[in-house]
Amino acid sequence: MADVADVLDKTGARTDEAADVITGARDRVDALDDRIIGLVQERMAVSAVIQKARIESGGRRVNLSREMEVLGRYRDALGKPGTSLAMTLLELCRGRI
């Protein structure tokens with residue numbers, strides 16, 4: 001079992017109660033991160049299907065107007081950092097252009 005001082009040191013908390021709250025919240029964050037990673041991987045797979053269909057029909061791999069819609073959606077929902085997040089997702093899903 002972890003020593004109380006070790007738990008407090010790992011969380012940065014100054015009380016046992018705060019350490020418990022932080023530990024529980026971190027467990028939740030870790031679970032959310034696992035779900036987010038799974039969703040990003042799913043998004044990548046769906047994007048690959050879209051790109052394949054577009055290319056096989058004679059179109060381009062990337063549809064810039066659609067990407068602008070995605071950027072706007074994330075920006076509207078999350079502010080300026082949402083644009084950065086959307087850019088990262090787009091890069092993961094289509095690769096660098």
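This is a predicted model: local features need pLDDT of at least 70, side-chain atom pairs count only at pLDDT 80 or more; totals for chains, interfaces and linings use all residues.
Four residues of α3, namely E67, V70, L71 and G72, are buried. These buried residues pack against α2 (16-56) and α4 (80-94). Just after α3, G79 adopts a positive phi of about 80°.

Helix α4 likewise has 15 residues, and the distance from its first C-alpha to its last is 22 Å, close to the 21 Å expected at 1.5 Å a residue. Its buried residues are G82, A86, L89, L90, C93 and R94. Viewed down the axis of α4, these buried positions fall within an arc of 105°, so they line one face of the helix. The exposed residues K80 and P81 are carried on the face of α4 turned away from its buried side. The packing partners of the buried residues of α4 are α2 and α3.

With regard to the protein as a whole, the secondary structure consists of four helices and zero strands, and the elements follow the order α-α-α-α from the N terminus. Of the 97 residues, 19% are buried. Among contacts with a separation of 6 or more, 36% involve residues 24 or more positions apart. The protein exposes about 7700 Å², of which carbon and sulfur atoms supply 58%.

Notes:
Residues are numbered from 1 along each chain as its sequence is written. Side-chain values use heavy atoms; hydrogens and water are left out. Helices (H or I, at least four residues) and strands (E, at least two) are DSSP runs, numbered from the N terminus. Buried means under 20% relative accessible area, exposed over 50%, partly exposed in between (1.4 Å probe, protein chains only). Contact means heavy atoms within 4.5 Å. Accessible areas come from the Shrake-Rupley method with a 1.4 Å probe; for residues, only the protein chains shown count as cover. The expected span of a helix is 1.5 Å times one less than its number of residues. The arc is that of the directions from the helix axis to the C-beta atoms.
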